[in-house]
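Student: Got a model open here. Can you walk me through the sheet and the charged pairs?

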Amino acid sequence: MEFSATALLAPPDKILMTNGDNQRGTVGHPLPQPLEALVVDPEGNPVEGVEVTFRVVRGGGTMDGQSQLVKVTGVDGLARAVLTLGPSPEINGNVVNATFPGSSGLPATFTATGLVPGDPEQTRPA
């Protein structure tokens, strides 16, 4: 008797934010951690090979010099992009959405705060 089984990938169902939200960094510079989005099927399994579009929706930041960037999920279902903050120092003033083609759910939304470093000569103990 012979037995064989075939597994088929389920289509992507939703995108989740897994890392990189609520970061703080210097305006005009890359954030310390990448924005990381996870694409899963209806059962919560990671889906490989999905094109995830990261799009700056507020703050004027860029990823690889662009306001929109497409990254493909790996075997772990993750896609990553590094945000360079825009020019304005504003709490949660930088916003990036991540989604994939055919998604009917909400995008993964990342926020970041841009800070302007002070003059080290003006620093003193309280």
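Tutor: We'll take the sheet, then the salt bridges. This is a predicted model, where local features need pLDDT of at least 70, side-chain atom pairs count only at pLDDT 80 or more, and totals for chains, interfaces and linings use all residues. Residues are numbered from 1 along each chain as its sequence is written, and side-chain values use heavy atoms, with hydrogens and water left out.

Student: What is the strand order in the open sheet?

Tutor: β2-β8-β7-β4-β5, with mixed pairing. Strands are DSSP runs of E, at least two residues, numbered from the N terminus. Two strands pair if DSSP finds at least two bridges between them.

Student: Which strands stand at the edges?

Tutor: β2 (23-26) and β5 (68-72). Each has a single partner strand, so one side of each lacks a neighbour in the sheet.

Student: How many bridges join β2 to β8?

Tutor: Four, and the two strands run parallel. Gln-23 has Ala-112 in β8 as its bridge partner.

Student: Switching topic. How many salt bridges does the structure hold?

Tutor: Three. The criterion is a side-chain nitrogen of Lys or Arg within 4 Å of a carboxyl oxygen of Asp or Glu. One of them is Arg-80 with Glu-36, closest N and O atoms 2.8 Å apart. Arg-80 is in strand β6 and Glu-36 in strand β3, 44 residues apart.

Student: Is Glu-36 buried or exposed?

Tutor: Buried, at 13% relative accessible area. Buried means under 20%, exposed over 50%, partly exposed in between (1.4 Å probe, protein chains only). Arg-80 is partly exposed at 38%.

Student: What else does Arg-80 meet?

Tutor: Asp-76, at 3.7 Å, N to O. Shared partners join Glu-36, Asp-76 and Arg-80 into one network.
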